[in-house]
Amino acid sequence: MGTLREECGVFGILTPPGEDREPAFDAYNALFALQHRGQDSCGIAVSLDGELTVHKGKGLVPDIFSLPQLRQFQGAQAAIGHVRHAVNAESVNPANTQPLVVHHASGSMALCYNGTLVNGRRLREESEYRGGIFQGTNDAEVISYLIVREHLRTHTLEDAVINAMEYMIGAYSIILMQTDHLIAARDPNGFRPLCVGRVGRSVVFASESCAIEALGGTFLRDVAPGEVVIADREGRITSLHCRIRAARRAFCLFELIYFARQDSVVDGCSVGAAREMAGRLLARQNTVEGDLVIGVPDSGVAAAMGFARQSGIPYGIGLVKNRYIARTFIQSQRWEREKSLRIKLNAVSATVRDKRVILVDDSIIRGKTCARIVQLLREAGAKEVHMRVSSPPFRYQCHFGTITPRSEAMAAHGRTEEEVCRMIGADSLQYLPLEQLKTVAAGLDLDFCDACFTGRYVLPLPEGSAE
């Protein structure tokens, strides 16, 4: 793996006086809905009796929060929460767990964020020369330092956020909490998702709309790139915009392909519908005959169903997933990934035996998972296994918040389609061409970033962050 990269989920809720809600319990349920975005650590910070308090730790949401713990937060006026993936051994440092609670000359704030600053190393070094002290290794402390510094020069926290955004280059969706209001901010390119909604009179912010719906709330809209949204104690929502004009507004396509939950809507695009359409497009270019279409659970299933509907080839459940095993692509250590692969999926022999199987997945990254699945299907009796991928070949490392290995560790980097096919042991392999993926993403309100496929990065990468 390369330097620290993380994919996370954020949530925030502010409850007006008289509203019969418990923000800490809502944060717990919302983080549970966002658990797919982060399975290494989690935390919740609350505003309770004029003080900011946080509880966080390494593990899944139910591991860290018990009912007695949540009851200690009863009566809170607001809460923010975070789920996070660690990328390497260094990143499991407890100081990297969010939210961060910071006490400073202008007051106190809690912060959580999703993304990666490509100039984070330079900003950290500049801050250290000015006397900044850091406990962890991620960008959350850098962002908090910038905001605190700017808060000392401005009247309001929202103005401080807008000023700080002028220094930050890269991907970030941020939620900030003071004792009496919440602030959400999204980077000017809009790499990472962030939306706003309501649960009763309470204002909520979340990485994905599924977290709002999990609370029985109403999705209002996405936070626009470069927008700073403020929710106050009366439930009012106001909006400001940073002074940076992005040359290109570029949502991460990997969110649509893999990370976002299928029932979410991100920047105007239904994730499930987009994945099904990708499968249909794959079927239109299919060049082999098959007896059965199966999808790799979970993010490959919608594309597989689209493929089956378009092609007329029956869809079947050929792989069963152990729901208690985390995603292998985003586990931090190689030995953890390989161990999980052995127990994560089982092939259904009764379904695939003596069949020409068309196997649909959302992506091939290292190729190890895919090769293991092909082997499982052959061991279960599949006569042929034809791999179909609902994205183009991943060839380049992401620098904007999606966890990827370095480019040379990717299966498609420096290899032809035929070479990747041999590497994974399939009878044939076809990817969805980028031009067709663009039609799938046409429902997005934004343009998108395709650097992981093309190597054409939306932002120039400062020295030290390129490969």
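Student: At roughly what angle do the axes of H4 and H5 cross?

Tutor: This is a predicted model, in which local features need pLDDT of at least 70 and side-chain atom pairs count only at pLDDT 80 or more, while totals for chains, interfaces and linings use all residues. Helices (H or I, at least four residues) and strands (E, at least two) are DSSP runs numbered from the N terminus, and helix axes are lines fitted to C-alpha atoms over the stretch in contact, with angles from 0 to 180 degrees between N-to-C directions. The axes of H4 and H5 come within 10 Å and cross at roughly 55 degrees.

Student: Which term describes how H4 and H5 lie to each other?

Tutor: Angles under 35 degrees count as roughly parallel, over 145 as roughly antiparallel, 65 to 115 as roughly perpendicular and the rest as oblique. H4 and H5 are therefore oblique.

Student: Which residues of H5 make the contact with H4?

Tutor: Residues are numbered from 1 along each chain as its sequence is written, and side-chain values use heavy atoms, with hydrogens and water left out. Contact (heavy atoms within 4.5 Å) involves Gly-120, Leu-123, Arg-124 and Ser-127 on the H4 side. Those of H5 are Asp-139, Glu-141, Val-142, Tyr-145 and Leu-146.

Student: How many of the 13 residues of H5 are buried?

Tutor: Buried means under 20% relative accessible area, with a 1.4 Å probe and protein chains only. The buried residues of H5 pack against elements including strand S5 and helix H6, and the number buried is twelve.

Student: How far apart are the end C-alpha atoms of H5?

Tutor: The expected span is 1.5 Å times one less than the number of residues, so the 13 residues of H5 should span 18 Å. The computed distance agrees, at 18 Å.

How values were computed. Buried < 20%, exposed > 50% of the residue type's maximum accessible area, 1.4 Å probe, protein only.
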